[in-house]
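Let's take a walk through this structure, starting with its strands and moving on to its helices and its nonpolar cores. Have the picture at hand as you read.

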Amino acid sequence: MNPCVATGWSTIGILVPLMGMVVAAKAGEPATGPAASAVPPASAFTLPALPYAQDALEPYISAKTMSFHYGKHHQAYVDALNKLVASTPMATQTLDKIIVDCTGKADKAAVFNNAAQDWNHTFFWKSMKPGGGGQPSGRMLDLIVKSFGSFDKFKETFAATALAQFGSGWVWLVQDGDSLNIIKTANADTPIARGQRPLLTCDVWEHAYYLDYQNRRKDFVQAFLDHLANWDFAASQLK
Ligand SMILES: [Fe+2]
């Protein structure tokens, strides 16, 4: 047997990690030893797991939409945030603290936008469930009736607020003491930046619905209210 053939795979197996060490050293990693240069630093933030399968919300949100929205858009916000906070004190802080600290600061707008979009999307995934939607019960229903007059009036106001958001943004049900309000936020803006308590949200960026509904945001929001809204989660957020 040719000795070169016999040892070929083991030679490659040795060379690959060595090549990784060389690349890390060129990228400016501290050369404190083979183990330190071969292992990249852990990212500060990771994409949270979806609370259901990517096809679980069909036919109201397709698996294709979820694969782009969760797997591409949400992942991109997490990746961008990790790059922005790398080697800064923010790398060890919570998303909530980063969002509050960066609110209104022009030089921290990129950090705010990516941190808030990470937070907002994580909250949005929890705001839906397979077989959701319809009317809540218990304290949540009592607060909705007290705040809006009826559940139908709540739905009407929520949908109208979603349609009134010009361009990209979010519509939220928030708690204000013993009453509830519906608000909209533009782009990455989020209620927690202003000390409000969100209970439920619907993403009205076009990337949330365009593959399934094209320009029909109204139909998407109606499907959210009738078939997806997770009232158990919303109730768990009540103070
Ligand atoms: Fe989104």
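Two strands count as paired if DSSP finds at least two bridges between them, and strands (E, at least two residues) and helices (H or I, at least four) are DSSP runs, numbered from the N terminus. With that in hand, look at β1 and β2: they form a hairpin with 2 residues between them, and G177 in the turn has a positive phi of about 65°. Before going further, note that this is a predicted model, where local features need pLDDT of at least 70 and side-chain atom pairs count only at pLDDT 80 or more, while totals for chains, interfaces and linings use all residues. Residue numbers start from 1 along each chain as its sequence is written.

**The sheet**

β1 (residues 169-176) and β2 (residues 179-186) pair in the antiparallel sense over 8 bridges. Here are two of the bridge partners:

| Residue | Bridge partner in β2 |
|---|---|
| D176 | S179 |
| W170 | T185 |

**Helices around it**

Angles here run from 0 to 180 degrees between N-to-C directions, and axes are lines fitted to C-alpha atoms, for helices over the stretch in contact.

α7 (residues 151-164) also packs against α6 (residues 138-148), at an angle of about 70° and with the axes 8 Å apart. The two helices are therefore roughly perpendicular to each other (that label covers 65 to 115 degrees). Where do they meet? L141, I144, V145 and F148 in α6 meet F151, K153, F154 and T157 in α7, a contact being two C-beta atoms, placed from the backbone, within 7 Å.

**The cores**

A nonpolar core is a set of buried Ala, Val, Leu, Ile, Met, Phe, Trp, Tyr and Cys residues joined through C-beta atoms within 7 Å, and buried means that 20 or more other C-beta atoms lie within 10 Å of a residue's own. The largest one has 34 residues, of which V171, L173, V204, F224, L228 and A229 touch the most other members. α6, α7, β1, β3 (197-203), α9 (217-228) and α10 (231-236) each supply at least two residues of this core. α9 gives the most to this core, with 6 residues. Apart from it lies another core of 18 residues, including L84, M90, L95 and A116.

Terms used: Angles under 35 degrees count as roughly parallel, over 145 as roughly antiparallel, 65 to 115 as roughly perpendicular and the rest as oblique. A residue is buried if 20 or more other C-beta atoms lie within 10 Å of its own, exposed if 12 or fewer, and partly exposed in between; C-beta atoms are placed from the backbone.
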